[in-house]
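Please keep the 3D view open as you read.

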Amino acid sequence: FGLESEENFHQQQIQLPQPAPAPDVDTLWLVLNRPEHYFFHVSSDLHDLFGFECGEVVIDHEYFERSLDYTLEDEYRQERLPAMLNHAANWHMLEGSEEEVASWLLWERQPMVLHPVGHPDTVDAMRNSIILQLMINKFFNGQTGELLMHTFPAMNLYGSGITNFLFYTRHLSITGRLPPAFIVKASVAEGVDGASISDSGNTSAENVEGNVST
């Protein structure tokens, strides 16, 4: 990581935007399914934990809670989520100057870095992160049914990411909700000062399955 480069692309200075809340959970769900985030998941952890493959099993509350426990069981795992959110925010600014998307990811990261890694409040913030909860649900069978989609075999895994994004974009446009089998107990993060962000058009959710009601 300390290698120097003289290419202009690598010499760019990235100015990250101010964190700002996403409009809603559905918007964040589609961001997480963009092709560039195809490998932003916890599927390897959950495969190690449960022993089955991605998409084989429908999530239930026991799976949900065990998944949260496992993905946050040590400081190494706790460090990954805020690090990946920071990396993704930088990527969005570097590749396309997508300030809005970067600001949403930074907003979700804020509660995770108020206290040191391992602190009970840090773990609690991550357990209640809509980002982590959606990533966990992605490993399970969302019972979305099937849709006819274009595929891009010549683009290899990135092509799979495009198909995945098109699928969930189409599914959301048809159903107006997250995959029906999802278990989601969080919403867009609150501000780091503890104030509700409902004035920004966002609402909280409690123990919602399949979607976050507003």
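A crossing of two helices is called right-handed if the near helix is turned clockwise from the far one by less than a right angle, and left-handed if anticlockwise. The model you are looking at is predicted.

With that term in hand, look at α4 and α8: their crossing is right-handed. The crossing of α2 and α8 is right-handed too. Two packed helices are described by the angle between their axes and the distance between those axes. The table gives these values.

| Helix pair | Angle between axes | Axis distance |
|---|---|---|
| α2 (residues 25-32) and α8 | about 55 degrees | 10 Å |
| α4 (residues 61-71) and α8 | roughly 115 degrees | within 10 Å |

Now turn to the contact of α4 with α8. Here F64, S67, L68 and T71 of α4 meet L132, Q133, I136 and N137 of α8. This contact has 4 nonpolar, 4 polar and no charged residues.

Finally, find the largest pocket, which holds about 490 Å³ of space. Its lining has 22 residues, with C54, K138, F140, N164 and Y168 nearest the centre. Helices α8 (130-139) and α9 (156-175) are the elements that each give two or more residues to this lining. Sorted by class, the lining has 9 nonpolar, 11 polar and 2 charged residues.

Terms used:
Residues numbered from 1 in each chain as written. Predicted model: local features only at pLDDT ≥ 70, side-chain atom pairs only at ≥ 80, totals over all residues. Heavy atoms only, no water. 1 Å grid on protein atoms, 1.4 Å probe; cavity = no way out; pocket = protein on both sides within 12 Å on 5 of 7 lines; lining within 4 Å. Points joined across faces, edges and corners; volume = space filled by probe spheres on them. Helix = DSSP H or I, 4+ residues; strand = E, 2+ residues; numbered from the N terminus. Nonpolar A, V, L, I, M, F, W, Y, C, P; charged D, E, K, R; others polar. Axes fitted to C-alpha atoms, helices over the stretch in contact; angles between N-to-C directions. Contact = heavy atoms within 4.5 Å.
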